[in-house]
Every structure is written in C-alpha cells, then in structure tokens.
Amino acid sequence: MKGLTTQNLSLAYDGTTIIQQLTVSIPTGQITALVGANGCGKSTLIKGLARLLKPSDGMVYLDGKSIVQQSTKSVAQQLGLLPQGPTAPEGLTVKDLVAQGRYPYQNWMQQWSDQDEKLVQQALEITNLVELSDRPLDTLSGGQRQRAWIAMALAQDTEILLLDEPTTFLDLAHQIEVLDLLHDLNQQGRTIVMVLHDLNHACRYADCLIVVKNGRIFAVGEPRSIMTEDLVQEVFNLECRIYPDPIANTPMCIPMGNKRTKN
Amino acid sequence: MKDWLMVRSPGMSFRMDRRLPAIVLALAIASFAAILLNVGHGEYAIAVGDIIKTLFGIDTGNPDHVFVIQTLRLPRTLVAFMVGVALAISGTIFQGLTRNPLADPSIIGINAGASLVAVAVIVLFPSAPVYVLPIAAFTGALLIAILIYGLAWNGGSSPILLILLGIGLSAIAGAFTSLLITFGSINEVSQALVWLAGSVYGRTWEQFFSLLPWVILFVPLAFGLTRHLNILNLGDDIATGLGSQIEWQRGLLVIVAVALAGSSVATAGNIGFVGLIAPHLGRKFIGGNHASLLPVAALLGGFLVVAADFVGKTLVAPIELPCGVITAAIGAPFFLYLLIRNRKR
C-alpha cells in the first residue's frame, strides 16, 4: 500500500501562508475526511497533497519519496485527483472524458492499449454510466456528471484518490449516491481522502477525520473519539449537540441555531 | 466500445472516432470540388475536364489554359486552402487551451500583431524577400500571445476578459499599423493595403512556397499534440492531476498555433473568423475530442476560405471582394451569437 504523508508542510497563495508547518500521515486503505470552517485551508491542503501547489516549506511524501522529485506521470499512476466543481468542455462525451483518465499510461506509440480499454469499461460499469457513455456531458444531470468525473479518476487506476468537495452542488440523494460509491471504492482497497462540508456525512463515511483550523491541524482521529460539542464550538464557532446517528451509530451534530425554542 | 475505431499491433495502439474516416473523406472531396470550381472560375470559365487535364499536364488544345491555371489561379486557390487549414488549426488550439469558445487568432489579437510586424517589414524594408514576411508575422503574433498570456491567462480568467483584452490589443496594433501606412511611401503602402484586406488576390507560387514549410512543419506537430490538448482542455488542475507537464505542453501548443496564424497572415493578410467558425462546425460534426476534431476543423477551414474566395469573385463580378470580407460577413454575426449565448451561461 502506498502511503501519503506530509512533513512540516507549508503552503502559500501569492505569498500568504495558508497551511503552516503541517505534519500528518494519511491512513492507507481508509477514508479520510478533511473538515473545517470556510477558509481554514482544507482545500489548499488537498491541493498540496495532489502537488497542484508547490510547498513553500516542508514536503509531501508519496510512498516515502518526495512527491516533487518523482515524475509527474508516475505520481499520476499512484494518485488521482478530482478538483472542486470541474467543468467539462463543450461536446465531450462521457466515454471521451473517462478515457482521458488513461493519459498517464499512454505515450506517442501506445495511445489505446487493451488495458486502457478494459479499465475505461470497468470505470463506466462501476459508476453505472455504461448507458450514458455516448452522451455529451453537458446533457447530463449534476449527479451523473459528477459520476463521470469520478469514473475518469477511476480509469486512472490509482491506489489513492483525492477529492475536493465531491458532493457540492448535488442534491441530498445524489450526495449519498456519490458517498456510497466512494465507500464501495474504498472497500475494494483504495485510500480515499476528501474535503467534506457536511460534518454528519464526514462522521458517517470517514474512518478518520482531519480537523483543520487556521491552517493547522486541530484534531485527527476516528469520528467517534474526536467529535465533541466542544470541538464544533472551537472549530466552527457553533453551538451544537452531538447524538449518535440512529442508523450508523456515528456522531451526529445538531446545531442549536436561533430557532431552538420553537416547539 | 462501439463508437471507437481501434488500431492495434504490437508496440502501438490508437483509437479514433468511428465516424472520422467518412467525414474526412467527404470533406476532402468537398474541398477538392471547391478548389476545381474556384480554378475554373474567373474572367473566362474553364471546364472541369480541362482543369483536370491541365493539372496532369495533358494538352487541352488551348495554350492559354496552362498559363491561366498554373500561373494565375492554382497557386491562389492552393494558398487559400492552406491559409484556411492553418487558421482553423490555430483557432482549434486556442479554443482548446483557453477553454474559451470565442478564442480565435483574429479575435484575440494574434492576427493584428502579425499584421503590424509584417506591415513594418513591407514599409520599412521594401526590398526584403517574401519568405521574411512569415517570420516577421510569427514574431508579431508571438509578442501578442505573450502579452495575452501575461495579462489574462492567470487563474482561469473569464472568457469575456480574454476577448476584451484581444480587442484592445488589436486596436493598439491596428493604430500602429495605420501609423506606419501614413508614413510609408506610396508604392509600399499600396502593396501593404492590398495585403492587409485579407485576400488571396494575385498570390503566386512564390507566396505558396513561403507558406508551405510552415504548414508542413506545424500541421503535423499540431496533430501530434492533440493528446495533450485534450488533457489541457480539462483545466489546469485536472491536467496536472493526470500527470501532464502543463507549462511545457501548453507552451508548445501556443507556439504551433501562433506559427500557423502568423504565417497565414503573412501570406494572405487578416482573414478573420475562420479559426472561430471551423472548430465550432467541426464539433457539430464529430464532437469535442481533439484527435478527431483537429483534422475535421482543418478541412472545414480550407474549404471555407476557398469557398469565400469563390463567392468574393462571383458575388459582384467583375469587381472582386477580398475573401476576408466574405469570412467576416459570415463570422461576425456568428461571433455575436456565441457572445450572447456565452453570456447567458
């Protein structure tokens, strides 16, 4: 199993440091959710893990080796990425998009091997898109489109999958559909790291939470052991109650809000 | 996978859209027909049979045919075709790289930059040989491309910003071009004006052979880069995630697009909107995968400019309209339509 770790990682945008001296190890074979308030740096962190941002200090290590010293193609064979809200070019079909996931395995002479074809077909099947594979992406619903992007990342055939808010802009049913799909992928042995906004989804689907506050790690651990009312107060500045989720028995956060007295 | 045609042998493998061979064949026939029609038409008409005979060196019994076809009309038509191919490929690359459906070398200012430096050479160094023009135009086009890259490309800037910037840069380059024309001597200026209009009028084998090396070098290079263009078309983050060396690949593609636009401007002036229309039509025929789109758009571009030249010659005959006027008459309304549709997104 390939490990993903950071050592004193700092990430900056235009000279402003967002992530400061962060050291963390992503548990292999598990689902990890990055949670935190808006602007805390969780999306920046996932970009750093995916080598989209060069560290201003420290380093990301993939399989024990510095990620920037490996060829970007070889990294792409080990680590897949789905950025936040990707937009597809006009007229591109589902199949054409998913086939792009094979790019890191191709070269000038080998542009479409048996293996490429097999994995694209597999990715379409897993994401339940075989029927839609000839449709242009712009004619699909939001949930179907997100599945197509995930299928592209699947065709990339990597042990680690990084996703930045894979459920944003989806209705609740489609959010659960995507999370269930990611859970299945994890069961097949993939390491999954994702930024999630919904704490209850994070607690239910993730094996490990990384709670980020002001560019530093506030807490790391299993949802059941770290999710407390105090943590939500500290990190989100929100008063809440935590109850066990009646379905999964994972922590469930109920915000107090202003309408608490309405009965 | 039913819609892909696959070629596999040990050591190599490719795939293409199943519709590609038929569409390419149809467009090649249409282009060939347009070329014959255009060669046949002029101050006096020549029958198709006589054109084909003359092309193959068979005597038609009319000694004028050889001169009219081989010296006057054929180079002009072939230049029109090559210019169309080059502009269409350039536009397809720019649209793919910028993820902007409005990008076209004539709209984002590339052609204006090419014109400026080429006019400067015509006016200031009238004795410069013909093959210098494409190099000059390439330099001007590259300067504009670098300016655009620096000012508008960062952080996925909006499609409209790129267009506005292009219009601004075109205006500046156009102003300097006018300035040069005002100060130039009458002989050079009249030559520059004819050329600026965007026309293949009076193009000879000399221009044909100064454009040819650029087409031979950069068209195959463009085809070789379509795999990378497809990836860059998904956006920088996805492209990086898939292991593309984005700066390097993008730089190479920009140079190809600029070289094709610049050399065609050097040969036929500013024939606008071909790079806008051809990729859009091409996407309707074959979809958004650049490996298939690029050859289809290229043939459409070639056909379009030859057809525009033909229409320009016949519309108000005996007066000839430059083919750039015809492409603009079709392209400008199409551009406005895209602009309005794009605003609503």
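**Exercise 1.** Describe the contact in this predicted model: how many residues does each chain give, and which elements of chain A take part?

*Solution.* Start with the totals: chain A brings 30 residues to the contact and chain B brings 28 residues. Next, look at the side of chain A that touches chain B: helix H2 (72-76), strand E6 (79-82) and helix H3 (94-99) each supply at least two residues there. Among these contributions, H2(A) gives the most, with four residues. Finally, sort that side of chain A by class: there are 13 nonpolar, 10 polar and seven charged residues.

**Exercise 2.** Work out why the radius of gyration of chain A agrees or disagrees with that of a compact globule.

*Solution.* First take the length: for 263 residues, a compact globule would have a radius of gyration near 18 Å. Chain A has 19 Å, so the value agrees with the rule. Then turn to the inside: 44% of the 263 residues in chain A are buried. To finish, count the elements of chain A, which are nine helices and 12 strands.

**Exercise 3.** Compare a record with the model: what is the secondary structure of chain B over residues 207-225 and over residues 319-340?

*Solution.* Begin with the record: an unreviewed UniProt entry lists several stretches of chain B as "transmembrane region", including 207-225 and 319-340. Over residues 207-225, chain B is 95% helix and 0% strand, with end C-alpha atoms 27 Å apart. Over residues 319-340, chain B is 82% helix and 0% strand, and the end C-alpha atoms are 35 Å apart.

Definitions and conventions:
Residues are numbered from 1 along each chain as its sequence is written. Chains are lettered from A and ligands numbered from 1 in the order in which they are written. This is a predicted model: local features need pLDDT of at least 70, side-chain atom pairs count only at pLDDT 80 or more; totals for chains, interfaces and linings use all residues. Two residues are in contact if their C-beta atoms, placed from the backbone, lie within 7 Å. Ala, Val, Leu, Ile, Met, Phe, Trp, Tyr, Cys and Pro count as nonpolar, Asp, Glu, Lys and Arg as charged, and the others, Gly among them, as polar. UniProt positions are given in the numbering used here, feature names are shortened, and annotations may be inferred rather than shown by experiment. The radius of gyration is taken over C-alpha atoms; the globule rule is 2.2 Å times the number of residues to the power 0.38. A residue is buried if 20 or more other C-beta atoms lie within 10 Å of its own, exposed if 12 or fewer, and partly exposed in between; C-beta atoms are placed from the backbone.
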